[in-house]
Amino acid sequence: MERYVCIHGHFYQPPRENAWLETVELQDSAYPYHDWNQRITAECYAPNAVARILDDQGRIGQLVNNYSRISFNFGPTLLQWLENNEPEVYEAILSADRLSMQKFAGHGSAIAQPYNHIILPLASRRDRRTQVLWGIGDFERRFKRRPEGIWLPETAVDLETLQILAEEGIRFTILAPHQASRVLRTGARLWQDVTGAKIDPTRPYLQQLASGKSIGLFFYDGPIARAVAFEGLLTRGDHFADRLVAAFSDQPRWPQLVHIATDGESYGHHHRFGDMALAYAVNQIEAKKLARLTNYGEYLERHPPTQQVEIIEKSSWSCFHGIDRWWSNCGCNTGAHPNWNQEWRTPLRNALDWLRDSLSGSFETQAGKFLKDPWAARNDYIDVFHNRAPEILERFFSRHAIGPLDGNSRVTALKLLELQRHAMLMYTSCGWFFDDLSGIETVQIIQYAARVVQLAEELFGESPESQFVEKLSAARSNLSERGGGKDIYYQLVGTAMVNWERIGAHYAVRSLFESYPDKTSIYCFRAERDDYQVFNAGTARLAVGRVKLTSEITRESSMLSFGVLHMGDHNVNGGVQEFMPDRLYQSLVGESVASFARADFAEVIRVMDRYFGESNYSLRSLFREEQRTVLENILASALGQTETLYRQIYEQRWPVMRYLTDLHIPLPKAFTAAAELVLNGDLRRALQEREINAERVSALLESAKIAGVTLDAPTLEFAYRQNLERLAKCLARTPTVSVLRELREATGLLVKLPFPVDLWRVQNIFYVLMQSVYLQMQKRHIEGEQTAEEWLIIFEDVAQKLAIKLPSSAS
């Protein structure tokens, strides 16, 4: 009897990019990381690329790429973010697919996903096909092959969706066991009811389609998948392996496949060290020959389906009511707020459906003036927004344009296609999955809808905003302070909207705090300075200038004139105007500079009011990232003064604080506040020192313990980790004794710090050095080289601190 195991991870994050800037902005809720993509990468995607297998003493004995031994899919928008921001992790994922092809008879373990994770059975047929084609196109660009399978968002399925997959050459998909309705066994005449997850998950099935085509379906083992996701099975890797192997039956004489599918984030993000449990379980199964590892493509080739199945239409893996979670108050939610409702889901979807449908005719008419088949062009637009290089754009227009297009026509065509891209992004499933209309995922999809509204107004001359917002207003938040959809649109989305003036204002204000070159980039815009003059008077600064801005997305350009005055601290006042005539611009410069030279700042502001009218901008005009940086610089002096005052209190009152602590008397809150600010600040700075003074850190920790100070563990851990990573990278570049000594001194704190430290990158670097430089040093030591002995002694000491098992000859 042949026994196979396949573990599938669905790795996905919703698109988080600002709809106008094409970048993920700072997300405070992900602290100490910049945003949730970065945080989850550190907790899950990166650790699975270099997963640890520990020995019986808890030391790292082996590093493995988990992705190469499981089945997986990554959301295309997440892969795009990884490619731009975490290239090492991204390359490890692509490499894993190549390795899996060698391991699994030419079948790669990566499968595709519809582009931005929309619920396909709720989408129009046209949108479904575009989503599938974009997903396939993205996959082919990255993995350099056609995908054999595809992961359906939330495994939401109906026959029309399966028909589209089959038409596009997809061989299989993966569903939950409760999504099967009935099966027709080999040789049988009667169908057997398998509702209620009664289907045998150890074999593949064939779904026949009305067109005569068919598609392979795998129904994963529900109880084991549930145990991985929700019941703590990943606490121990050996238990995980045992549970998988226990699912085999001794009765069947045919091959059996035990397979599960869960969110990939289970392996490290939802469950800490889940990546290690996965690595250990897979290694155990393979090393002990408990079963043969496989992926779906290989298994389908070896053991084609012999039984037919019929699905339950409009079903999914995460909604008991089918697919209602993504359009209604069905009762499915996260469970975090039992008194809340999700009545907002229906008016939200209705508003988006209205927006999409009301613009489709105008899109088709307008785009038809430039493109042979607007919808076919939309399907191929994946090639452009993957890579907006001029040659790619040329190929796209040569294939789809009705003829040669001038610059303005190309801009219009690209804006029309951008409208369609954002009309896709606004349906990302996470917008309905969570508990409230004001959640970041829901606000994100409303932001994409706002970009559709803006483009529609620019392209078609009439704005659908008022009607869209009226429909959106029927959606109500559970938080009274958030109001409803209308409030969220204007308060949370409207403030993020970008137009030419807003980009120009950002450029102008930022130029007061950062010296721009003549040509620079501001997110997805190019800025070319036409004129720029800056003047200083004490702490005040005045800047006036002209800048040409060009969108990297649509190639549209605008020339903007600006004036901006900084009067110290956070007091900034300025204005921006498009296409100001040169005569007016020169008058603006002359009058504002003359008033500034007299230090008549009130008159400078009046001059700007006359020339720019209602266009009035301040520090609020900066985008979130730069706004935070500028404010931190402005506040640095004030915070320094505050810390000095608190330090005086702390140092003067330390003896009495110590005395009260010895008597077990609670410290006054004022004393505790002073101690927390001072000691956390001192610890952070001590952990950031290029040469960490371990004695100094130990003394500060002891003082914090005595004073009962609550340490800012996330900030301190992040500072210390970054310093260790800096030292490890330095050692990789220059593996000298002196750098090793620094690293030994720094890692000596690991046993003293009252919080765990993420050593993933440091251990990875050290492991590579162990397999290369360490072995060379051993050889040089045998040959009698004196310095090699000290190097080896220190290296082995650091390896012990980092819990890395040395080769058997050394350990």
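This is a walk through some of the side-chain pairings and surface features of the structure above. The model is a predicted one, so please read every value below as computed from that prediction.

Let us start with the aromatic rings. A pair of aromatic rings is described by the distance of the centres and the angle of the planes. In this structure the count comes to 38 aromatic pairs. One of them is formed by F11 and F74, whose rings are stacked, with 4.8 Å from centre to centre and 10° between the planes. This pair links distant parts of the chain: F11 belongs to strand β1 (residues 3-11) and F74 to strand β4 (residues 71-74), 63 residues apart. Both F11 and F74 are buried.

For another kind of geometry, look at F596 and F601. Their rings form a tilted pair, 5.6 Å centre to centre and with 35° between the planes.

The charged end of R325 sits over the ring of F433, 3.6 Å from the ring centre. Likewise, R349 places its charged end over the ring of W432, 4.1 Å from the centre.

Now for the salt bridges. Side chains of opposite charge can pair when their charged atoms come close. The structure has 56 salt bridges. In one of these, the side chains of E22 and R421 meet at 2.6 Å, N to O. E22 lies in the loop between β1 and α1 (36-49), and R421 lies in helix α14 (residues 407-425), so the pair ties together parts that are 399 residues apart in sequence. With a relative accessible area of 28%, E22 is partly exposed, whereas R421 counts as buried at 7% relative accessibility.

Another salt bridge joins D193 and K198, at 3.5 Å from N to O. Here D193 is partly exposed, with a relative accessible area of 43%, and K198 is exposed, with 52%.

E552 and R526 form a salt bridge as well, at 3.1 Å, N to O. E552 is in the loop between β15 (540-551) and β16 (557-566), and R526 is in strand β14 (residues 525-537), so this pair ties together parts that are 26 residues apart in sequence. E552 is partly exposed, with a relative accessible area of 26%, and R526 counts as partly exposed at 32% relative accessibility. Salt bridges that share partners also build a network, which joins R125, R128, R129, D158, E160, E167 and E168.

Next, find D127 in helix α4 (residues 125-143). D127 counts as buried because its relative accessibility is 5%. Leaving aside residues up to four places away in sequence, D127 touches R356, R378 and M424.

Q641 is found in helix α22 and counts as exposed at 52% relative accessibility. From Q641 to I311 is 67 Å in space, C-alpha to C-alpha, and the two are 330 residues apart in sequence. L663 is in the loop between α22 (624-662) and α23 (669-688), and counts as partly exposed at 44% relative accessibility. Together with Y659 and I665, L663 forms a nonpolar patch on the surface, with about 300 Å² of accessible area for the three together.

Conventions: Residues numbered from 1 in each chain as written. Predicted model: local features only at pLDDT ≥ 70, side-chain atom pairs only at ≥ 80, totals over all residues. Heavy atoms only, no water. Phe/Tyr/Trp six-rings, centres within 6.5 Å; stacked < 30°, edge-to-face > 60°. Helix = DSSP H or I, 4+ residues; strand = E, 2+ residues; numbered from the N terminus. Buried < 20%, exposed > 50% of the residue type's maximum accessible area, 1.4 Å probe, protein only. Lys NZ or Arg CZ within 6 Å of the ring centre and 35° of its normal. Patch = residues over 30% accessible without salt bridge, like charges linked within 9 Å, V, L, I, M, F, W, Y side chains within 5 Å. Areas by Shrake-Rupley, 256 points an atom, 1.4 Å probe, with all protein chains shown as cover. Salt bridge = Lys/Arg side-chain N within 4 Å of Asp/Glu carboxyl O. Contact = heavy atoms within 4.5 Å.
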